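This report describes one protein chain, going from single residues to the whole fold. Please look over the sequence and the 3D structure before reading on.

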Amino acid sequence: MDQTQLLKGVLDLAVLAVVQGEDGYGYDIVRRMRDGGLSEVGDASVYGTLRRLYAAGALTSYVVPSESGPHRKYYGITPIGRDQLKRQGDDWRAFATTLDGLLAGPVPHPTSQGASA
């Protein structure tokens with residue numbers, strides 16, 4: 001299955017999940033997502049998501065000087081972002097449970113149960 005199509009609907013959730021425990025700069029967040037199994041996540045998609053989440057108040061940012069290159073812009077989660085992460089995480093778990101049920105086998109049709117009673 002094409003992971004990039006699946007990521008489109010959950011990229012906000014994935015980014016918030018990555019920064020919930022530790023702030024990170026753009027490429028660091030991309031690397032942590034890839035290390036976590038989202039190997040096909042694109043740099044541009046993550047950077048765009050960071051900008052959008054920041055504009056929505058879900059992320060905060062600050063600049064840290066680097067000894068080995070340009071300054072890095074770090075992102076951290078805000079209380080608004082934590083609320084969004086909780087809400088979208090609940091939605092994701094409900095969706096995954098529903099899909100797992102469908103994948104487990106045929107769902108009995110309500111009228112077929114009533115016919116046998």
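## Thr 78

Thr 78 counts as buried, because its relative accessibility is 13% (buried means under 20% relative accessible area, exposed over 50%, and partly exposed in between, with a 1.4 Å probe and protein chains only). Thr 78 sits in the loop between β3 and α5 (79-104). Helices (H or I, at least four residues) and strands (E, at least two) are DSSP runs, numbered from the N terminus.

The side chain of Thr 78 makes polar contacts with the backbone. It reaches the backbone oxygen of Gly 57 at 2.6 Å, and a polar atom of this side chain lies 3.1 Å from the backbone oxygen of Ala 58. A polar contact is a pair of N or O atoms within 3.5 Å; within protein, one must be able to donate a hydrogen and the other to accept it, and residues adjacent in sequence count only if both atoms are side-chain atoms. Not counting residues up to four places away in sequence, Thr 78 touches Gly 57, Ala 58, Leu 59 and Thr 60 (contact means heavy atoms within 4.5 Å).

## How the model is read

This is a predicted model, in which local features need pLDDT of at least 70 and side-chain atom pairs count only at pLDDT 80 or more, while totals for chains, interfaces and linings use all residues. Residues are numbered from 1 along each chain as its sequence is written, and side-chain values use heavy atoms, with hydrogens and water left out.

## Two serines

Ser 66 belongs to the loop between β2 (59-64) and β3. Its relative accessible area is 18%, so Ser 66 is buried. A polar atom of the Ser 66 side chain lies 3.3 Å from the backbone nitrogen of Ser 68. Leaving out residues up to four places away in sequence, Ser 66 touches His 71 and Arg 72.

Ser 45 lies in helix α4 and counts as partly exposed, at 40% relative accessibility. Ser 45 and Thr 60 are 15 residues apart along the chain, and their C-alpha atoms are separated by 18 Å.

Leu 13 is found in helix α2 and counts as buried at 15% relative accessibility. Which residues does Leu 13 contact, leaving aside its neighbours within four places in sequence? They are Leu 85, Gln 88, Gly 89 and Trp 92. Leu 13 and Gly 76 are 63 residues apart in sequence and 14 Å apart in space, C-alpha to C-alpha.

Helix α3 (residues 26-35) has as its buried residues Gly 26, Asp 28, Ile 29, Val 30, Arg 32 and Met 33. The cover over them includes α2 (11-19), β1 (24-25), α4 (43-55) and β3 (72-77). Gly 37 follows α3 and has a positive phi, near 115 degrees.

## The whole chain

The protein chain has six helices and three strands, in the order α-α-β-α-α-β-β-α-α. Its radius of gyration is 19 Å, well over the 13 Å that the globule rule gives for 117 residues, so the chain is more spread out than a compact globule. This radius is taken over C-alpha atoms, and the globule rule is 2.2 Å times the number of residues to the power 0.38. The C-alpha atoms fill a box of roughly 75 × 30 × 20 Å, taken along the principal axes.

Of the 117 residues, 30% count as buried. Among contacts with a separation of 6 or more, 52% come from residues 24 or more positions apart.
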